[in-house]
Amino acid sequence: MIIFSTVFKILNKLKGNLILYTVILLAITLFNTTSGNMNHYEATKPDILIVNKDQNNEITKGFVSYLKEQATLKDIDINDQEKVDDALFYRDISYVVYIPENFGDDLVNDKNPTIEYKSNGNENASFTQMLIEKYIKTVNLYKEHYQGKALNQKVKQVINQKTKVKLHTSLDSSKLNQVNVYFNFLNYALLARGSLLYDNDSCKFKSRGCT
């Protein structure tokens, strides 16, 4: 009983600070749980730069048009390599696409043209790489049956198809998110309360006689 009596004396002495920390915790938790749905997802377009050396080919034009629709094309002098490298370093752009000469013709003639690129390695760069691979694979799939503008139209039709996904579940993710936010802040309150009972200078609990 002596231990419990000492603990209650300490809590009573520090009740003002404990109440203050509790009120702050509840206020912050209430603000975060009512500030909106944190699980909301909104797609963003990567910032890219295109260096095109095959401007007069229909397939290449379709490819460039597709990239412009799926990404944000930045206005940077492509002839100044230092500016391009600086834009990558400072993350003004995520990806630089270098389209070689005769890219369109080589692609439809099974010559496997190589697209060179530079990236900063972030998630937007990976997404841009996926967009490029998707377009090239689609062209390879339909090039035996279509040519020129007809091939561009078919590829555009296929890659722009949207698929609706409906998730049927009884799990209320919004409530789980609120619980997660609450317990993320709870650990700070517990640490703060523990610091009130601990003297960092003597490294002993105040209940053991520290002043």
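Helix H4 is followed by arginine 91, whose phi is positive, near 60°. In this predicted model, arginine 91 is found in the loop that joins H4 to strand S3. Arginine 91 counts as exposed because its relative accessibility is 51%, and exposed residues are defined as those over 50%. Most residues other than glycine have a negative phi. A second residue, aspartate 110, likewise has a positive phi of about 60° although it is not a glycine. Aspartate 110 lies in the loop between helix H5 (103-108) and S4, and its relative accessible area of 48% makes it partly exposed.

**Helix H4 and its two sides**

At the start of H4, the backbone nitrogen of glutamate 82 has a side-chain oxygen of aspartate 80 within 3.2 Å. Within the helix, which spans residues 81-89, the buried residues are Val84, Ala87 and Leu88. These residues are on the same side of H4 because they cover an arc of only 100° around the axis. An α-helix has 3.6 residues a turn, so residues three or four places apart point the same way. Glu82 and Phe89 are exposed on the other side of H4. The cover over the buried residues of H4 includes strand S1 (47-52), strand S3 (95-99) and strand S4 (116-119). H4 lies across these strands, S1, S3 and S4, and runs at about 140° to S3.

**The sheet**

The sheet is open and is formed by 4 strands in the order S2-S1-S3-S4, with mixed pairing. Its edge strands are S2 (72-73) and S4, each of which pairs on one side only. Strands of a sheet pair through backbone hydrogen bonds, either parallel or antiparallel. For S3 and S4 the sense is antiparallel, over 4 bridges. Valine 96 has lysine 118 in S4 as its bridge partner.

**Helices H3 and H6**

Helix H3, residues 58-70, lies across S1, S2 and S3 and runs at about 165° to S1. H3 also meets helix H6 (residues 123-142): their axes come within 11 Å and cross at roughly 145°. The crossing of H3 and H6 is right-handed. On the H3 side, the residues involved are Ile59, Gly62, Phe63, Tyr66, Leu67 and Gln70, and their counterparts in H6 are Leu131, Ile132, Lys134 and Tyr135.

**Leucine 151**

Which helix holds leucine 151? Leucine 151 lies in helix H7, residues 148-159. Its relative accessibility is 1%, so leucine 151 counts as buried; the cut-off for a buried residue is under 20%. Leaving aside neighbours within four places in sequence, leucine 151 is in contact with Ile59, Val108, Val139, Tyr142, Lys143 and Tyr146. Among these contacts, Ile59 is one of the H3 residues that meet H6. Leucine 151 is also 9.0 Å from glutamate 58, C-alpha to C-alpha, although the two are 93 residues apart in sequence.

Definitions and conventions. Residues numbered from 1 in each chain as written. Predicted model: local features only at pLDDT ≥ 70, side-chain atom pairs only at ≥ 80, totals over all residues. Heavy atoms only, no water. Buried < 20%, exposed > 50% of the residue type's maximum accessible area, 1.4 Å probe, protein only. Arc of directions from axis to C-beta. Contact = heavy atoms within 4.5 Å. Polar contact = N/O pair within 3.5 Å; in protein donor to acceptor, adjacent residues only side chain to side chain. Pairing = 2+ DSSP bridges. Axes fitted to C-alpha atoms, helices over the stretch in contact; angles between N-to-C directions. Left-handed = near helix turned anticlockwise from the far one by under 90°.
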